[in-house]
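Colleague: I have a model open and would like to walk through it with you. Could you take me around it, one topic at a time?

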Amino acid sequence: MKDQVIFHIDVNSAFLSWTAVHKLKLGDEEDIRNIPSVIGGDEESRRGVVLAKSNMAKSFGIITGESLFVARKKCPGLKVFSSSFKIYNYYSEKMMELIQGYSPMFQQYSIDECFLDVTNDLKTTPMELASEIKNAIYETLGFTVNIGISTNKLLAKMASEFDKPNKVNTLYPEEIETKMWPLPVGELFMVGKSANERFNKMYIKTIGDLAHHDVNILTENFKSYGRMIWQYANGIDDSKVSVEASQIKVISNSTTLEKDIIKQGEANIVLLSLAENVATRLRKANKFAGTVSVIIRSSSFKDYSHQKRLSNKTTSTQEIYEISKALFKETWKREPIRLLGIQLSSLSDEGDRQLSLFEDKKKGTIDKTIDSIREKYGDKAIVRSIFIDKKK
DNA sequence: TCTGGGGTCCTAGGACCC
DNA sequence: TCTGGGGTCCTAGGACCC
C-alpha cells in the first residue's frame with residue numbers, strides 16, 4: 001500500500017492576521033502584523049487576555065493566554081486590538097472553501113486549521129502542491145499559512161509548527177530522529193503543562209527521550225494517555241482524515257462577569273441569558289439535551305460544577321433555566337462569583353420523552369416562534385423585559 | 001488593570017444491581 | 001466481627017486543544 005500524503009494547514013497568528021487584512025481592506029495604512037501587537041479581550045469587562053500575537057510581540061516574550069497586563073509589562077509600546085468573531089468566521093470560511101478545491105478528503109480541525117489527504121490528488125510533488133495552496137491563499141485572501149506535510153496527521157501537524165510564518169515543512173518518518181526527537185517534550189502535541197512537569201521529573205526532557213522510554217512504564221503511570229503519547233513521540237498515528245462533520249456532543253455558554261456577583265437574584269438573570277443562548281443553539285442543531293450543568297468560578301478562581309440528568313430530554317429554554325437555577329442554588333458556596341456557565345450534554349437526536357400533554361408542546365411552540373423571529377429580524381427583536389431594565 | 005470561551009476525552013469514586 | 005466481585009451508570013474534576 002502506498003503511503004498517504006497528509007497536509008496540515010494552519011493560519012499564522014490567525015486572529016491577528018485576519019484583523020490585519022480586514023483593517024487594510026478598510027483603508028488603514030498600517031499593517032498590524034509588522035508591529036508589536038496583539039489581539040486581546042476587553043479589559044474593562046475582565047476578559048483581558050492575549051488571543052493572538054504578532055511576530056514582533058512574540059519576540060518580546062508575549063505568549064497567548066497571558067493577561068494584557070503582563071504582556072504590556074513585557075512590551076510597553078504594545079498595541080492591542082479587539083477581537084471580532086464575525087471577521088474570523090468570514091476569513092475562515094473563505095479559506096476552507098478554497099482548500100477544499102484541492103481535495104475532497106478534507107477535515108476542518110478548528111477555526112484556523114485543517115487536514116487534507118492529497119494522496120490521490122498529486123500531479124506534482126507534495127512540496128509543490130503545498131506551495132501552490134499556500135500561495136493561492138495568500139494571493140486571494142491576503143494572509144499567510146504554514147503547511148506541514150507527512151504520512152499521517154500527527155506528523156503533519158508537528159511539521160506545520162516548524163519555522164513560521166509562511167512556510168511549507170515536511171516531517172516524514174525518516175526525518176523524525178533529526179527534526180522531532182531533539183525538541184523539548186512539551187512541544188509534542190497533547191503534552192501540556194501538567195504532563196510536561198511529570199515527564200521532566202522522570203528525566204524525560206525531549207520528545208526523543210519519551211520515544212525511547214519503556215512504554216509499559218508509561219502506561220502504568222499515565223494509563224491510556226501513556227501509550228498514546230509514546231506512540232505520538234514515535235510518530236505513530238492511525239487516525240484518518242475524517243470527511244464527515246463530527247456530531248456535536250456538548251453545547252456550552254459561559255461568561256466572565258464584569259463585576260463579581262454576590263446575590264442569587266443577579267445570578268438568575270445571568271443564568272436566564274445563558275439558558276437562552278444554549279437552548280437556542282440546541283434547537284438550531286436539532287438536538288435534545290439529557291444533562292444540564294452549571295459551572296461557577298469564584299472570585300478566587302476556583303471552578304466547581306453541578307449537573308443533573310433529566311428523565312425527559314428537553315429543548316425548552318424555560319426548563320433549562322429552571323434546572324440551572326435549582327442547580328446553582330444547590331451548588332453556590334455563597335462566595336463572590338466571577339464566572340457563570342451552563343453546559344448541555346448527553347445530546348441526542350430524538351427526544352425520547354413523552355410530552356407531558358399540553359405544557360411542553362406549548363413551550364416548544366413559543367421557543368420555536370421566538371427562534372424564527374430572531375432568525376428573521378435579529379436577536380434584539382425579542383428581548384425579555386428583565387433584560388431591558390438591565391441594559392446600559 | 002492578572003488570569004477568555006468553546007470544545008473533547010479520561011479517570012476516580014460512589015451508587016446500585018445481580 | 002473482617003469486610004465478594006463484576007458490570008454499569010452517573011458525577012465531579014482535570015488535562016488538553018484552538
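Modeller: Let me begin with a term: contact, or touching, means heavy atoms within 4.5 Å. Please keep in mind that this is a predicted model, in which local features need pLDDT of at least 70 and side-chain atom pairs count only at pLDDT 80 or more, while totals for chains, interfaces and linings use all residues. Residues are numbered from 1 along each chain as its sequence is written, chains are lettered from A and ligands numbered from 1 in the order in which they are written, and side-chain values use heavy atoms, with hydrogens and water left out.

Colleague: Fine. Which residues does Q264 touch, not counting those up to four places away in sequence?

Modeller: Q264 touches K325, F328, K329 and W332, once residues up to four places away in sequence are set aside. Q264 itself is found in helix α11, which covers residues 264-284; helices here are DSSP runs of H or I with at least four residues, strands are runs of E with at least two, and both are numbered from the N terminus.

Colleague: Is Q264 buried, partly exposed or exposed?

Modeller: Q264 counts as partly exposed, at 22% relative accessibility. Buried means under 20% relative accessible area, exposed means over 50%, and partly exposed lies in between, using a 1.4 Å probe and protein chains only.

Colleague: And how far is Q264 from P184?

Modeller: Their C-alpha atoms are separated by 47 Å, and the two residues are 80 apart along the chain.

Colleague: What about T317, where does that sit?

Modeller: T317 is in helix α12, residues 317-331, and is buried at 2% relative accessibility. Leaving aside neighbours within four places in sequence, T317 is in contact with A275, E276, A279, R283, D367 and R384.

Colleague: Switching to rings: how many aromatic pairs are there?

Modeller: The structure holds 13 aromatic pairs. One of them joins Y109 and F115, an edge-to-face pair at 5.8 Å centre to centre with 75 degrees between the planes. As for the term, rings of Phe, Tyr and Trp (its six-membered ring) pair if their centres lie within 6.5 Å, and planes under 30 degrees apart count as stacked, over 60 as edge-to-face and the rest as tilted.

Colleague: Why is the pair of F328 and W332 called stacked, then?

Modeller: Their ring centres are 5.3 Å apart and their planes lie at 25 degrees, so the pair counts as stacked. F328 is buried, with a relative accessible area of 0%, and W332 is also buried, at 8% relative accessibility.

Colleague: Which residues make up the aromatic cluster?

Modeller: F15, W18, F85, Y88, Y90, Y91 and F143 form one aromatic cluster.

Colleague: Which lysine lies over the face of F115?

Modeller: K153 lies over the face of F115, at 5.1 Å from the ring centre, and K333 lies over the face of Y304, at 4.0 Å from the ring centre. A charge sits over a ring if NZ of Lys or CZ of Arg is within 6 Å of the ring centre and within 35 degrees of the ring normal.
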